[in-house]
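Here is a briefing on one protein chain. Keep the sequence and the coordinates open while reading.

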Amino acid sequence: MNTQNLVGVLPREYGNDPQPLTQVKDKWTLHWPGEDVDPAMDDNAAVALITRIAQEHINRDWGGGQRGGGIMYHRVIGPTGTVFITRDETDWTWHSSVDGPGGGNRSSIAILVVYGKTGASTSAQNAALDELIATHATYVVYGHRDWTPTTCPGDVLYQYAQDHTDAHGIWLPALAPAPQPPPVQVVPVLGTTAADVERRLGLALLRQNGAASIEAARLYAELAPLAGIRAEIAFAQAMKETAWLTYPRLARPEWNNFAGLGCSEISHTCNVFATAEAGVRAHLGHLLCYFGDHFPAFCSFDQRHDLVGHKHLANDVRELSGKWAPAPDYAERIVTIAASLA
C-alpha cells in the first residue's frame, strides 16, 4: 500500500477540534467527494484537492457557529491508489452527522475515496481500500448513508462495500486470484519427424505387443515425413485406434485399417485396404483432410476424403477430439502414447 503523510501539511485550526479529541474506534465510514473528478488525476492534483477540502472544512459551520479544526477525513484514497494520511485515526471528526457515543463521528475512521459522481472508483483505489481496511480487519464498514440520509459515498462505492462485506458488515478478505492452469503445450501434427524414429516406434510396439509385426512402425517412419506429418503422432494415433495392433473392436488385422477409417458400429463395416502401405497412406491422407492440403500420393487412398474435404484446423493434435472421434479425451490419449515413444 503506497501512502503519503499529509498530517502537518494540510491547514489546521486546532482550537476548533471537538474534545476530548482522541476516541476509541471500531468502525470505518466511506465517503466520496460528490463532485466531478478526473479519474486520471495524479497524486499532486489529489493533494491540491485534499488541501481545498481541508480549508472548506475549516471554514464550514458545523452547527452553532462551530468551525472545523481541519479536514474531517482520516484517510483519502486518490485515483492512483495512493492512501493519503490526513488525520490521526483516533481523532474525533464531524463526518457522519452522528455525534453521540458509538456514533460515526466518534467511533469510525473516515475514508474519502476520490472518484467522480458520474464515474467509478479505479481498480487501484479498490485494491488500496482492501489493504487499508485490512489494517483493522474486525472494524465494521459503513457508508455515510448508513448514518444519515445522503447520496454519499455514491452508489458505485456503496455497492462495492456491500459486495465486499459479510452479514455483519465485516470486510471480506481480498481473494487471491485463482491459480491459472499452466498453458497447454501445442502438439503439432504437421512438422518434422524426430531422428531415429523407426527404431523407437518398433521398440514401443514390441513392448506393448510382442507378437506384432514391426512393419507398421517402418511404414509410418518412412511415409509420414513424405506427407509432412510427424510420424510419432500418426503412429500414436494408429496405436490408440488399434490398441497396439490387437484390434479389439470392429476392424480386423487383415483389413489394414490403422485409424478406424469408415468404421460403423451400425453396419459393422470399415474401409478395407489391400496392403499395409495402402492403409498407412490412407490414414496419412485423412489426417491431411484435417490439417493439410490435398496430396494425391496419400489422399487418393482415403476412401472418405471427398466426404470430409480439407478443414485446415489449427496444427495441434488436440483439435481431433470431438472431430475425428467424439470422446473429449481422444487427443489426450494420443498425446500420452506419443510421449511414451521416446
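The points below cover cores, helix packing and backbone geometry.

This is a predicted model. The largest nonpolar core holds 58 residues. Helix H8 (276-291) is among the helices that build this core, and H8 also packs against helix H6 (215-223). Elsewhere, the backbone has a cis peptide bond from Gln-19 to Pro-20 and another from Cys-152 to Pro-153.

**Nonpolar cores**

- The largest nonpolar core has 58 residues, and those touching the most other members are Tyr-220, Ile-229, Phe-235, Phe-258, Leu-284 and Leu-320.
- Two or more residues of this core come from each of helix H5 (197-208), helix H6 (215-223), helix H7 (231-242), helix H8 (276-291), helix H9 (296-299) and helix H11 (330-339).
- H8 gives the largest share of this core, 10 residues.
- Leu-320 touches Gln-237, Leu-287, Tyr-290, Phe-291, Ala-325, Tyr-330 and Ile-334, with residues up to four places away in sequence left out of the list.

**H6 against H8**

- The axes of H6 and H8 come within 10 Å, crossing at roughly 45 degrees.
- H6 is therefore oblique to H8.
- The crossing of H6 past H8 is right-handed.
- On the H6 side, the contact uses Glu-215, Leu-219, Tyr-220 and Leu-223. On the H8 side, Ala-276, Glu-277, Val-280, Arg-281, His-283 and Leu-284 take part.
- By class, the residues of the contact of H6 with H8 are six nonpolar, one polar and three charged.
- Tyr-220 in H6 and Leu-284 in H8 both belong to this contact, and both are listed among the core residues that touch the most other members.

**H6 against H7**

- H6 and H7 pack at an angle of about 145 degrees. Their axes are 8 Å apart.
- H6 passes H7 in a crossing that is right-handed.
- Ala-216, Ala-217, Tyr-220 and Ala-221 supply the H6 side. Ala-231, Ala-234, Phe-235 and Ala-238 supply the H7 side.
- The residues of the contact of H6 with H7 comprise eight nonpolar, no polar and no charged.
- Tyr-220 meets H7 here, and Tyr-220 is also one of the H6 residues in the contact with H8.

**Cis peptide bonds**

- From Gln-19 to Pro-20 the peptide bond is cis, and omega is near -5 degrees.
- Pro-20 sits in the loop between strand E1 (3-5) and strand E2 (27-31).
- From Cys-152 to Pro-153 the peptide bond is cis, and omega is near 15 degrees.
- Pro-153 sits in the loop between strand E6 (140-143) and helix H4 (155-163).

- Leu-245 is not a glycine, yet its phi is positive, at about 65 degrees.
- The loop between H7 and H8 holds Leu-245.
- Leu-245 counts as buried because its relative accessibility is 17%, and the cut-off for buried is under 20%.
- Tyr-247, a residue other than glycine, has a positive phi near 50 degrees.
- Tyr-247 also lies in the loop between H7 and H8.
- Tyr-247 has 12% relative accessibility, so this residue counts as buried.

How values were computed: Residues are numbered from 1 along each chain as its sequence is written. This is a predicted model: local features need pLDDT of at least 70, side-chain atom pairs count only at pLDDT 80 or more; totals for chains, interfaces and linings use all residues. Side-chain values use heavy atoms; hydrogens and water are left out. A nonpolar core is a set of buried Ala, Val, Leu, Ile, Met, Phe, Trp, Tyr and Cys residues joined through side-chain atoms within 4.5 Å. Buried means under 20% relative accessible area, exposed over 50%, partly exposed in between (1.4 Å probe, protein chains only). Helices (H or I, at least four residues) and strands (E, at least two) are DSSP runs, numbered from the N terminus. Contact means heavy atoms within 4.5 Å. Axes are lines fitted to C-alpha atoms, for helices over the stretch in contact, and angles run from 0 to 180 degrees between N-to-C directions. Angles under 35 degrees count as roughly parallel, over 145 as roughly antiparallel, 65 to 115 as roughly perpendicular and the rest as oblique. A crossing is left-handed if the near helix is turned anticlockwise from the far one by less than a right angle, and right-handed if clockwise. Ala, Val, Leu, Ile, Met, Phe, Trp, Tyr, Cys and Pro count as nonpolar, Asp, Glu, Lys and Arg as charged, and the others, Gly among them, as polar.
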